[in-house]
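User: I would like to learn how to read a protein model feature by feature. Could you take me through one?

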Amino acid sequence: MANVYQASADDLEDLAALFNEYRMFYKQESDLEGARVFLSERLTLKESILFIARDESGQAMGFTQLYPSFSSVSMQRLFILNDLYVKPVCRKQGAAAKLLEAARDYASALQVKGLELSTAKDNLTAQRLYEQSGYEKDTEFEHYFLSLVQR
């Protein structure tokens, strides 16, 4: 059973390894040092909230990352659940559900409007998990993105 808690700088090495694997899942080049620097900055600057899941022996299983945001229309805070990743060998053990629960509990304790997330259209496994966890598909708005970096 996964033990999930809010991560700190003490978890940075394990988080960086998980974050690097997560990025590679999304077809990015491996960059462990870049992952370490990126997450260290988020933690140091308090720009995100990270939760980590560990197994009974203390091995890192997965993580989730929340970014604070706001809704202008409702004039309330919210969190963007930007990242959720569980190592392939650790899947089907409840770690992802426990990470989602920790994120929900954290946001609920702060009385924010809610949690927003997105996933790949073909990531049906994640979509099922999100829906089982109470997330509803947005049918009201289309989401757009303006890329400012040339690849």
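Analyst: We can start with a single residue and its contacts. Leaving out residues up to four places away in sequence, Arg-91 touches Tyr-85 and Val-86. Keep in mind that this is a predicted model.

User: Where is Arg-91 found?

Analyst: Arg-91 sits in the loop between β4 and α3. Its relative accessible area is 36%, so Arg-91 is partly exposed; buried would need a value under 20%, and exposed one over 50%. For Arg-91 and Tyr-5 they are 86 residues in sequence and 18 Å in space, C-alpha to C-alpha.

User: How do I read a sheet? What is the order of the strands here?

Analyst: Read a sheet by strand order, then by the sense of each pairing. Here five strands form an open sheet in the order β1-β2-β3-β4-β5, and the pairing is mixed. At the edges are β1 (3-6) and β5 (115-116), each of which pairs on one side only.

User: In which sense does each pair run, parallel or antiparallel?

Analyst: Take the pairs in turn. β2 (residues 49-54) and β3 are antiparallel, with six bridges, and Leu-50 stands opposite Gln-65 in β3. β3 and β4 are also antiparallel, over ten bridges; there, Phe-63 faces Tyr-85 in β4. β4 and β5 pair in the parallel sense over two bridges, with Ile-80 opposite Glu-116 in β5.

User: Which residues in the hairpin turns have a positive phi?

Analyst: In the hairpin of β2 and β3, five residues lie between the strands, and Gly-58 in the turn has a positive phi of about 95°. The hairpin of β3 and β4 has four residues between its strands, and Met-75 in the turn has a positive phi of about 55°.

User: How many residues of β3 are buried?

Analyst: Count them along the strand. In β3 (residues 60-71), nine of the twelve residues are buried, so the strand is mostly covered.

User: How should I look at burial in a helix? Which residues of α4 are buried?

Analyst: List the buried residues, then look down the axis. In α4 (residues 124-132) they are Ala-126, Gln-127, Leu-129 and Tyr-130. They line one face of the helix, because they fall within an arc of 165° when seen down its axis. Their cover includes β4 (76-86) and α3 (95-109). Just after α4, Gly-134 has a positive phi of about 100°.

User: What about nonpolar residues at the surface?

Analyst: Look for a patch. Leu-146, Leu-148 and Val-149 make a nonpolar surface patch of about 380 Å². Val-149 lies in the segment after α4 and is exposed, at 60% relative accessible area.

User: Which residues are linked in a network of salt bridges?

Analyst: Asp-11, Asp-14 and Arg-54 are linked in this way.

Conventions:
Residues numbered from 1 in each chain as written. Predicted model: local features only at pLDDT ≥ 70, side-chain atom pairs only at ≥ 80, totals over all residues. Heavy atoms only, no water. Buried < 20%, exposed > 50% of the residue type's maximum accessible area, 1.4 Å probe, protein only. Arc of directions from axis to C-beta. Contact = heavy atoms within 4.5 Å. Patch = residues over 30% accessible without salt bridge, like charges linked within 9 Å, V, L, I, M, F, W, Y side chains within 5 Å. Areas by Shrake-Rupley, 256 points an atom, 1.4 Å probe, with all protein chains shown as cover. Salt bridge = Lys/Arg side-chain N within 4 Å of Asp/Glu carboxyl O. Pairing = 2+ DSSP bridges.
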